[in-house]
Amino acid sequence: MAATSGISVVRVRRAVEEDAAALAALAVQLGYPCEPREAEERLLALLPPTDHAVFVAETPEGAIAGWLHVSLSRLIESPLRAEVNGLIVDGTKRSLGAGKQMLEVAERWARERGCQNVNLRSNVLRERAHAFYLREGYEHYKTQKAFRKKL
Ligand SMILES: CC(C)(COP(=O)(O)OP(=O)(O)OC[C@H]1O[C@@H](n2cnc3c(N)ncnc32)[C@H](O)[C@@H]1OP(=O)(O)O)[C@@H](O)C(=O)NCCC(=O)NCCS
């Protein structure tokens, strides 16, 4: 799957079951403890071509440089939009264009499904990621508090 720009040192493709261990290792880098078995179970639930897509950036040597999870948000109050739920590039493979290429593929996926916007949320601490998103044409339009309840 060719991206429209960026340095083409990686190829972006759909994730497959065999990528689960690499996805888990990168999730840990992102700050989310994740066992390979857990990543495999979660990935398998996302693989059917429904409202979710998981893409990976693969180096010419076959290593997984990063992954991106995008989904459709079906809301009452807003037109159909896409949400980037997770994005990580390996710490040793950053600034090579992998993040940009995966975003472009996700945006095309969203456009093809009729989305008018791509949204994403990013922890206030991730200042370098914020610079990356602004450079890629995203606008900082809202700041929120995140709540949760243990069930
Ligand atoms: C943000 C991220 C996905 C960008 O991926 P990438 O492949 O490095 O992006 P690109 O090569 O297309 O663009 C590089 C730009 O991203 C930005 N960037 C953000 N975090 C960076 C990091 N830790 N190291 C290097 N560049 C980073 C810089 O602006 C950089 O520009 P530069 O190369 O001119 O310095 C990646 O840096 C990353 O995984 N960061 C840690 C996890 C994270 O914050 N994920 C986003 C969660 S919302």
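Predicted model: local features only at pLDDT ≥ 70, side-chain atom pairs only at ≥ 80, totals over all residues.
Let's begin with the helices. Helix 1 covers residues 20–30 and helix 2 covers residues 36–46; their axes come within 8 Å and cross at roughly 110 degrees. That makes helix 1 roughly perpendicular to helix 2. The crossing of the two is right-handed. Which residues make the contact? From helix 1 they are A20, A21, L23 and A24, and from helix 2 they are P36, A39, E40 and L43. Sorted by class, that contact has seven nonpolar residues, one charged and no polar ones.

Staying with helix 1, its buried residues are A20, L23, A24, L26, A27 and L30. Their cover includes helix 2, along with strands 2, 3 and 4.

Now for the charges. Side chains of opposite charge can pair when their charged atoms come close. How many salt bridges does a search of the whole structure find? The count is nine. In one of them, E58 meets R13 at 3.3 Å, N to O. E58 sits in strand 2 and R13 in strand 1, 45 residues apart in the chain. Both of these residues are buried. They also belong to a salt-bridge network with R11 and D19.

For another pair, look at D51 and R74, whose side chains meet at 2.8 Å, N to O. Both lie in loops, 23 residues apart. D51 counts as partly exposed because its relative accessibility is 24%, while R74, at 56%, is exposed.

How values were computed: Residues numbered from 1 in each chain as written. Heavy atoms only, no water. Axes fitted to C-alpha atoms, helices over the stretch in contact; angles between N-to-C directions. Helix = DSSP H or I, 4+ residues; strand = E, 2+ residues; numbered from the N terminus. Parallel < 35°, antiparallel > 145°, perpendicular 65-115°, else oblique. Left-handed = near helix turned anticlockwise from the far one by under 90°. Contact = heavy atoms within 4.5 Å. Nonpolar A, V, L, I, M, F, W, Y, C, P; charged D, E, K, R; others polar. Buried < 20%, exposed > 50% of the residue type's maximum accessible area, 1.4 Å probe, protein only. Salt bridge = Lys/Arg side-chain N within 4 Å of Asp/Glu carboxyl O.
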